[in-house]
Amino acid sequence: MENETTENVELLRGNPKKALIKLAIPMILSLVIVSFNNIIDRVWVAGIGSDPLAAIGFFAPLFFVIIGIGNGIGAGANSLISRYIGAKDYKSASNSALHSLIIGLLLSILIPLILVPFLKDILILMGAFDVLQLTYDYGIILLLGSFALIFNMMLSSQLRAEGDVKRSTLIMISADLLNMVLDPIFIYMLNMGISGAAIATVIANALPILLAVYWLFIKKDTYLNYSPRNFKYSFSLIKRILEVGVPASIEQLIMSFVNIILNWMLSIVAGTTIIAAFSVSFTLLQIGMMPGLAIGTAAITVAGVAYGARNYENLKITNRYALQINMIVCVLITIIMYAFAPQLAVLFSYSESSASLYPVLVHSLRILCFFILIAPAGAICASVFQGMGKGTISLLLTVIREFLFVIVFTYISGIVLGLGADGIFISFIIAVGLGSLLSVIAIEYYIKKISEKQL
């Protein structure tokens, strides 16, 4: 295993195209399974009615806050570890990994302490009046079990930072496969309904953590050394992890907040049925987004190593190649998603209580599928900025996209001009497209400037 870990690191320092593909392909597989699991989760919940589906939709922004925090700190650790690997500073890379685990532990304690006491008030503010108890029953379990979600993402990120994509992928895939098995058991066999779906999610994410702990602390066959004896407290390392991790987490918080605003606007113009359709549509669209997100996640590591080694030509190649292969894949997926929207909609409207959702879902999906064409490009550029440790630039681009473009455009279309749900959906697509274009221009300009400075 030692030879394999060394080969993984050498690949990261070599051809950026090969490194990007090697990291991205397993990530695509794991993220597709993640999305497929989200679909299965909602398919099982759809069997108990459209109200539980709407409840999941209402809690989704808070759920993505938890996911965003885990991904954010994971991205911060991934970026810093990768940069130290690029600079061939093994001790600092290992120490950075240990610091990130401590940060994750503190967050796992703070998130439930802060959110649980105010959960019902938050859900009321989010507009979940009609399904308040269902949303609360689902959300309280996920908040209390947030440690499982956070550490699952963080540990897989750290393995990916050293190029160990096999075990990183195994952690993610095993969690989702377990969830698919546990869902029907807790929802139907144990008759726990929507609460059962939440319990299944927590247990499924917690079990793979034990496997990661075995690799890191007992077997000790990773490239980085996780021995507590190697831990040397450094405020500088914490600061550098948070310089990427906090902006990345805030980005997810902003997008979750905007999702709440969109749900609020949709509830005004069309009611809870359209919110259920919006939630389900995005669950399906996440599959289409996975290649782009996987490429972006891989780009954090490859760009971090290139930036740490001051190889700015590899940095430019990483960004452009990631955008190129992403666009090819996303065009194909958008066409497929549009063509098979009716068949996909059946998965979430098969029961008598959710049959009314079918026509609304088909219509919504055929508009929102164009999101796949434009959103991943912005995510990839953000990942490259994060890989370089420039989390604040990525955050600034997110603020511009979400507040200046998305909220303004959708509010004018849906509320001011009265164009309804379709107006909100279409203006949302346009706004995200403008944000992605701005991100592409920004990353190209930044890489050009640091390359010129080096010369």
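This is a predicted model: local features need pLDDT of at least 70, side-chain atom pairs count only at pLDDT 80 or more; totals for chains, interfaces and linings use all residues.

Q: OK, how many salt bridges does the structure hold?
A: There are 6, counting a side-chain nitrogen of Lys or Arg within 4 Å of a carboxyl oxygen of Asp or Glu.

Q: What does Arg 167 pair with?
A: Asp 164, with the closest N and O atoms 2.9 Å apart.

Q: And are Arg 167 and Asp 164 buried or exposed?
A: Both are buried (under 20% relative accessible area; exposed is over 50%, partly exposed in between, with a 1.4 Å probe and protein chains only).

Q: Which residues are in a network with them?
A: Lys 219 and Asp 221 are linked with Asp 164 and Arg 167 in a network of salt bridges.

Q: Switching topic, where do Glu 313 and Lys 316 lie?
A: Both are in helix α12, residues 312-339, 3 residues apart, or about one turn. Helices here are DSSP runs (H or I, at least four residues), numbered from the N terminus. The side chains of Glu 313 and Lys 316 form a salt bridge at 3.7 Å, N to O.

Q: What about Arg 320?
A: Its side chain meets that of Glu 444 in a salt bridge, 2.9 Å from N to O. That pair links distant parts of the chain, with Arg 320 in helix α12 and Glu 444 in helix α17 (residues 420-454), 124 residues apart.

Q: Why does Arg 320 count as partly exposed?
A: Because its relative accessible area is 39%. Glu 444 is partly exposed too, at 24%.

Conventions
Residues are numbered from 1 along each chain as its sequence is written. Side-chain values use heavy atoms; hydrogens and water are left out. Helices (H or I, at least four residues) and strands (E, at least two) are DSSP runs, numbered from the N terminus.
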